[in-house]
Amino acid sequence: MGCGASNDQKPAKTQEEKPRGLTQAQQNEIAVQGLRDALTWAIEQTMVMGKNIETWSTPEYKIQVPCMDKVEKLKAKVADVPLVGGTLSSSLEKACEPFEDQFANAAMTICQDSRTQNTFVSIIQGLSAENAVELCKSGGVSACVDYLKEYAKALLHEQMTAIINNIMDSHPLTNIWKNAVEKYNMAAGKVDIEPIDFNLNEYVLNQCMDKIYAMMMTKEKEIRAAPANAVSWAVQQVFSGVDPANWKQKSAA
C-alpha cells in the first residue's frame, strides 16, 4: 500500500454556487408580459360590464346628455313667443326625452361589437416598456391603464373612431339627435339664439373611451388586490410581493 493514496484522504470541498437571480432584461421581459396580460384581462372584463345596459345607468358610468343646459334656456325663452311658444317648447322637450336611454344603448352597442375588444387587445399586445417592473410593482393601483392611456391613446382614438362612426351610422341615437337639433335650431331662430353645432360621434367616442378606461382601472385594482387569483403566470409574479430577481421564467414557472 506504500505508494497508494490513503483511504483517509478526503476530496477538497468546493464552494456551493448560489442560484443566480434574473437579469434586469429578464425581469423586464416578464413584467412586460404581466402588463399585457393584466390589461388584456381588464379589457375583457370591461366588455362584459359594458354589454350590460344597467352598467350605463350607474353614476360612475352614465353618459350625460350634452347641451341640455342650452335646451333648458331655450325652452324658457321660447315659451314667451306669442301663439307658437308653447308648441315649440313642448316639441323640443318631447324630442329630447329618449336621449338618456339611447346614449346608454349606444355605449352598450359599442361594447357588444367584437371590434372594440379586438382593437384594444391588439394594441395592448404590442405594448412595451423599459420601466415595466417599476410600473407594475410600484406605479399605483391604475398604473397599467394609465400607461396604456399615455402611450396608446392616440392610436386607440384613431381606430375606435372608425368603429364608432360605423356603429352610429345605423344607431337610433343618430336620428333622434338629428331630429332634436332640427327642432332646437328652428326654435332658436325665433328668439335670436345661436343654433347648435355639435359633433355627436366625437362626443360618444370620448365618453365611451373615458368610461372604458375607468372600468379597466377597477379591474386592474382587483388584480393588484389578489394577484394569486390572476389568469397568467406573469401576472401572478409581477403583482406579487416577490423580489423581481427571484421571479421565474415561464419554462420554470
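**View 1. Helix α5 meets helix α9.** T116, F120 and I124 of α5 are in contact with M209, I212, Y213 and M216 of α9, where contact means heavy atoms within 4.5 Å. Sorted by type, the residues of this contact are 6 nonpolar, 1 polar and no charged. Here Ala, Val, Leu, Ile, Met, Phe, Trp, Tyr, Cys and Pro count as nonpolar, Asp, Glu, Lys and Arg as charged, and the others, Gly among them, as polar. Please keep in mind that this is a predicted model, in which local features need pLDDT of at least 70 and side-chain atom pairs count only at pLDDT 80 or more, while totals for chains, interfaces and linings use all residues. Residues are numbered from 1 along each chain as its sequence is written, and side-chain values use heavy atoms, with hydrogens and water left out.

**View 2. How α5 and α9 cross.** The axes of α5 and α9 (residues 200-225) are 14 Å apart, and the two helices pack at an angle of about 65°. Axes are lines fitted to C-alpha atoms, for helices over the stretch in contact, and angles run from 0 to 180 degrees between N-to-C directions. Helices (H or I, at least four residues) are DSSP runs, numbered from the N terminus.

**View 3. A closer look at T116.** T116 sits in helix α5, which covers residues 114-125. Is T116 buried or exposed? With 0% relative accessibility, T116 counts as buried; the term means under 20% relative accessible area, with exposed over 50% and partly exposed in between (1.4 Å probe, protein chains only). Leaving aside residues up to four places away in sequence, T116 touches M47, I110, M160, I163 and I212.

**View 4. The rings of F103 and Y203.** The structure holds 8 aromatic pairs, and F103 with Y203 is an edge-to-face one, at 6.0 Å centre to centre and 85° between the planes. Rings of Phe, Tyr and Trp (its six-membered ring) pair if their centres lie within 6.5 Å; planes under 30 degrees apart count as stacked, over 60 as edge-to-face and the rest as tilted. This pair links distant parts of the chain, since F103 belongs to helix α4 (residues 99-112) and Y203 to helix α9, 100 residues apart. Both F103 and Y203 are buried.

**View 5. The rings of W177 and F198.** The ring centres of W177 and F198 are 5.3 Å apart and the planes lie at 45°, so this pair is tilted. W177 is buried, at 8% relative accessible area, whereas F198 is partly exposed, at 29%. Ring pairs join F99, F103, W177, F198 and Y203 into a cluster.
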